[in-house]
Amino acid sequence: MYVAVKGGERAIQNAHRYLAEERRGDREVPELSLTQIAEQLSHAVSRVMAEGSLYDRELAALAIKQAQGDLIEAIFLIRAYRTTLPRFGYTVPLDTQAMAVDRRVSATFKDLPGGQVLGPTFDYTHRLLDFALAAEGHAPDEALQSETPLEDRLPRVLDLLNSEGLIESATAEDPDAPVGDLTREPLEFPADRDLRLQNLARGDEGFLLALGYSTQRGYARNHAFVGEVRVGHVAVELVPEELGFAIEIGDIQVTECETVNQFKGSKKVPPQFTRGYGLTLGHNERKTIAMALVDRALRARELGEDQVAPAQDEEFVLSHSDNIQATGFVEHIKLPHYVDFQSELELVRRLRRGFVPSQNAAE
């Protein structure tokens with residue numbers, strides 16, 4: 001039970017002012033601009049946009065600044081703001097094969113159509129602190145110029161397996177089936193894959209990372225290979241009612257991952273590879289790979305596999321993946337619970353008064 005705290009209004013106002021002072025820090029130090037955050041803390045901005053379900057780099061930068069770098073608090077601010085926005089309609093599905101690719105790698109094939117595109121990545125760095133970054137006014141690096149433009153449409157890596165019939169088809173059984181909207185309807189179980197993917201895309205990166213890691217360590221008996229990771233920009237198209245055809249309204253950066261997973265087959269389906277899928281806003285490779293691992297684990301029921309691991313339990317995964325709900329429930333216990341605690345305190349005191357130690361109790 002919560003109780004109202006009376007007489008604390010002035011204290012709360014002072015706490016807000018204190019928070020603002022702490023957020024600003026030493027006033028001798030120049031204040032961060034939103035452009036600096038958006039341009040130089042781009043991975044943080046990408047995470048806030050992805051888990052906040054709102055693609056707006058400037059607003060994400062503002063939320064990060066207001067939250068003093070607490071990304072979950074920033075995600076909370078973006079989610080709250082998102083609820084105030086009108087909805088004009090639904091866009092057509094993104095054509096990620098037409099992505100303007102900044103990065104595209106495969107762990108399954110060395111030589112593939114279009115080639116490996118390393119792009120911007122920490123994968124090959126030595127994880128040593130670069131103290132040159134601490135030097136003020138150092139000369140900027142030269143801009144990187146691409147010598148060979150990428151193809152307009154890079155073929156999907158998994159099409160190589162699909163051409164031999166070695167992997168399940170990615171085509172939906174009913175392309176015209178309605179797609180659920182997790183932001184408008186409460187999640188119910190069992191959940192179809194469209195809703196599961198929406199949930200995972202908004203889910204906490206750390207939680208999904210741990211679950212994805214668990215599947216690799218044997219808790220879903222499902223070894224995965226990264227078929228392809230793509231990072232780049234895709235066009236967003238909308239079909240206005242008055243026009244009746246799609247028009248491009250902008251482009252957004254996304255990260256996409258498809259995994260190749262083992263499947264022994266069944267009485268009706270021959271042995272073949274299966275797929276896991278992840279797609280997030282911004283540059284979020286770690287989150288997207290983890291999402292694909294968990295997506296595949298959650299398909300155990302539809303593939304007739306034994307559900308023996310936490311990552312395969314859709315109610316457990318989907319009910320606990322949202323960091324805003326988790327934060328609210330975890331942090332609410334620091335709010336006043338005086339009545340609850342006093343009742344339990346009195347109960348323990350009463351039980352102790354009637355407690356008589358057993359004569360046979362060990363010394």
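Student: What percentage of the contacts in the chain with a separation of 6 or more is accounted for by residues 24 or more positions apart?
Tutor: They account for 66% of those contacts. The model is predicted, and the secondary structure of its chain comes to 12 helices and four strands. The C-alpha trace spans about 75 × 65 × 55 Å along its principal axes.

Student: Why is the pair E51 and K287 called a salt bridge?
Tutor: The closest N and O atoms of E51 and K287 are 3.9 Å apart. The cut-off is 4 Å between a side-chain nitrogen of Lys or Arg and a carboxyl oxygen of Asp or Glu, so the pair qualifies. E51 lies in helix 3 (residues 42-52) and K287 in helix 9 (residues 285-297), 236 residues apart, so the pair links distant parts of the chain.

Student: What makes E51 count as buried?
Tutor: Its relative accessibility is 1%, and buried means under 20%, so E51 falls in that class. K287 has a relative accessible area of 2%, so K287 is buried by the same cut-off.

Student: How do you know that R87 and D181 form a salt bridge?
Tutor: Their closest N and O atoms are 2.5 Å apart, which is within 4 Å, so the pair is counted. R87 is in the loop between helix 5 (71-82) and strand 1 (100-105), and D181 is in the loop between helix 6 (159-162) and helix 7 (193-202). The two residues are 94 residues apart.

Student: Why is R87 called partly exposed, and why is D181 called buried?
Tutor: R87 has a relative accessible area of 32%, which lies between the cut-offs of 20% and 50%, so R87 is partly exposed. D181 has 15%, which is under 20%, so D181 is buried.

Student: What makes K334 exposed?
Tutor: The relative accessible area of K334 is 64%, and exposed means over 50%, so the label applies. K334 forms a salt bridge with E331, with the closest N and O atoms 3.5 Å apart. E331, at 41% relative accessibility, counts as partly exposed.

Student: How many salt bridges are found in the whole structure, and which residues are linked in a network?
Tutor: The search finds 26 salt bridges. E168, R196, R299, R301, E302 and E314 are linked in a network of them.

Student: Why is helix 4 called oblique to helix 5?
Tutor: The axes of helix 4 (residues 57-66) and helix 5 come within 8 Å and cross at roughly 130°. Perpendicular runs from 65 to 115 degrees and antiparallel begins over 145, so this angle leaves helix 4 oblique to helix 5. The crossing is right-handed. L59, A60, A63, I64 and Q66 of helix 4 meet L71, A74, L77, I78 and Y81 of helix 5 in the contact. These residues divide into nine nonpolar, one polar and no charged.

Student: Which residues make the contact of helix 7 with helix 9?
Tutor: Helix 7 and helix 9 pack at an angle of about 150°, with axes 10 Å apart, in a right-handed crossing. The contact is made by R193, L197, L200, A201 and R202 of helix 7 and K287, M291, V294 and D295 of helix 9. By class, the contact has five nonpolar, no polar and four charged residues.

Technical notes. Residues are numbered from 1 along each chain as its sequence is written. This is a predicted model: local features need pLDDT of at least 70, side-chain atom pairs count only at pLDDT 80 or more; totals for chains, interfaces and linings use all residues. Side-chain values use heavy atoms; hydrogens and water are left out. Buried means under 20% relative accessible area, exposed over 50%, partly exposed in between (1.4 Å probe, protein chains only). Axes are lines fitted to C-alpha atoms, for helices over the stretch in contact, and angles run from 0 to 180 degrees between N-to-C directions. Angles under 35 degrees count as roughly parallel, over 145 as roughly antiparallel, 65 to 115 as roughly perpendicular and the rest as oblique. A crossing is left-handed if the near helix is turned anticlockwise from the far one by less than a right angle, and right-handed if clockwise. Contact means heavy atoms within 4.5 Å. Ala, Val, Leu, Ile, Met, Phe, Trp, Tyr, Cys and Pro count as nonpolar, Asp, Glu, Lys and Arg as charged, and the others, Gly among them, as polar.
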